[in-house]
Amino acid sequence: MEPREAGTVEPVTQAALLERVERVRRQGRFPRHIAIIMDGNGRWAQRRGWPRVAGHRAGVRSVREIVRFAGDIGLEVLTLYAFSTENWRRPPAEVNALMQLLVEHIRTDLDELHRNGVQIRVIGDPDGLPPVARREVLRAVATTRDNSRMILVLALNYGGRWEIAAAARALARKAARGELDPERIDEALFAAHLQTAGLPDPDLLIRPSGELRVSNFLLWQIAYSEIWVTPVPWPEFRPQHLVEAIEGYARRERRFGGLGDAVPAGTAAPASPAAPGRGDQPC
Ligand code: FPP
């Protein structure tokens, strides 16, 4: 069955949403890791004649609601694309506003996140952030380091190509120092040098606001992710949309490059998929 168009359902109660998620879990098709490209803030605001930053502010409300709900449903890992290496090209006023919102969000929400057992991690280069944002982000990471209920990964000053180049550099340095035989570099070793080392790859990648792009997000890690695009802009994205995406994911058959021996959604991707040329076909 094809997924329903997101955003077409009536508002529903938290209890009803939890029951729907429970049904997915009982089927053994609950994702471990969901990654979201939080898109559409600017257009959402502009459609209302508001400044783009009003969209980002509304987007923070969505962040808060989705993080809370993800914790409620027992998601293991939630990754949010908050600021890309390309976002520096925006006007300085918008960049400053985004950094300010990030700082405000941490100052307002860190206590609650910590109480709720959320462990905050950052991927990307925090050293490239303005000093206050860098300080607050690192404080959030340090404060929540030992929490284990859910891992919230914030992609900040992040780019997939940047991350892959950094991993290649780290491996090359080890090889140059004679600590690593280049022949030992395989997919698992490469993945262990990414910033997401130790995390499961995203099972589900959600892109609100309708664009059909991956925008330099987790390029290595999404090799086998199921992609869910919804026209709902991020400022309107609510738990019910997350549940629709999870239900859509649960209806998918994940083949991981195989043929008819369909693997139900909820099955983890192979840590190191078969090398191309050994039956690994594009899905
Ligand atoms: C894309 O919308 C969104 C961003 C570049 C930033 C997302 C940031 C937040 C929601 C707030 C700060 C983050 C946290 C974690 C508190 P867009 O402006 O590209 O939308 P458009 O495509 O409609 O222009």
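Predicted model: local features only at pLDDT ≥ 70, side-chain atom pairs only at ≥ 80, totals over all residues.
Helix 3 gives the most to the shell around the ligand, with five residues. Helices here are DSSP runs of H or I of at least four residues, strands are E runs of at least two, and both are numbered from the N terminus. Residues are numbered from 1 along each chain as its sequence is written.

Let me stay with the ligand. Its surroundings comprise 19 residues, and the closest are Asn41, Gly42, Arg43, Gly59 and His105. A residue is near a molecule if its C-beta atom, placed from the backbone, lies within 6 Å of it. At least two shell residues come from each of helix 2 (41-47), helix 3 (52-72), strand 2 (77-84) and helix 4 (92-115). By class, the shell holds nine nonpolar, seven polar and three charged residues. In this division Ala, Val, Leu, Ile, Met, Phe, Trp, Tyr, Cys and Pro count as nonpolar, Asp, Glu, Lys and Arg as charged, and the others, Gly among them, as polar.

I turn to the protein as a whole. It contains eight helices and eight strands. Of its 283 residues, 36% count as buried. Buried denotes 20 or more other C-beta atoms within 10 Å of the residue's own, exposed denotes 12 or fewer, and partly exposed lies in between, with C-beta atoms placed from the backbone. Among contacts between residues at least 6 apart in sequence, 74% join residues at least 24 apart. A contact requires C-beta atoms, placed from the backbone, within 7 Å of each other.

Next, helix 4. After helix 4 comes Gly117, with a positive phi near 75°.

The strands follow. Strand 2 is largely enclosed by the rest of the structure, because eight of its eight residues are buried. Strand 2 pairs in the parallel sense with strand 1 over five bridges; two strands pair if DSSP finds at least two bridges between them. In this pairing, Ile37 stands opposite Tyr81 of strand 2. Strand 2 also pairs in the parallel sense with strand 4 (residues 150-158), over seven bridges, and there Val77 stands opposite Ile151.

Strand 1 (residues 33-37) is also joined to strand 5 by three bridges, and the two run parallel. Ile34 is placed opposite Leu204 in strand 5. From strand 5 (residues 204-207), Leu204 and Ile206 point one way and Leu205 and Arg207 the other way, and all are buried. Four bridges connect strand 5 to strand 6 (residues 226-229), again with the strands running parallel. Ile227 in strand 6 is the bridge partner of Leu205.

Two residues in the connection deserve a comment. Which backbone angle does Asn216 show, although it is not a glycine? Asn216 has a positive phi of about 65°. Asn216 lies in the loop between strand 5 and strand 6, and counts as partly exposed because 18 C-beta neighbours lie inside 10 Å. Leu218 is not a glycine either, and has a positive phi of about 45°. Leu218 is placed in the loop between strand 5 and strand 6, and is buried, with 26 other C-beta atoms within 10 Å.

Finally, Arg252. This residue is found in the loop between helix 8 (239-251) and strand 7 (253-254). Arg252 counts as partly exposed because 19 other C-beta atoms lie within 10 Å. Leaving aside residues up to four places away in sequence, Arg252 touches Glu226 and Ala265. The C-alpha atoms of Arg252 and Glu226 are separated by 8.0 Å, and the two residues are 26 apart along the chain.

Conventions:
Contact = placed C-beta atoms within 7 Å.
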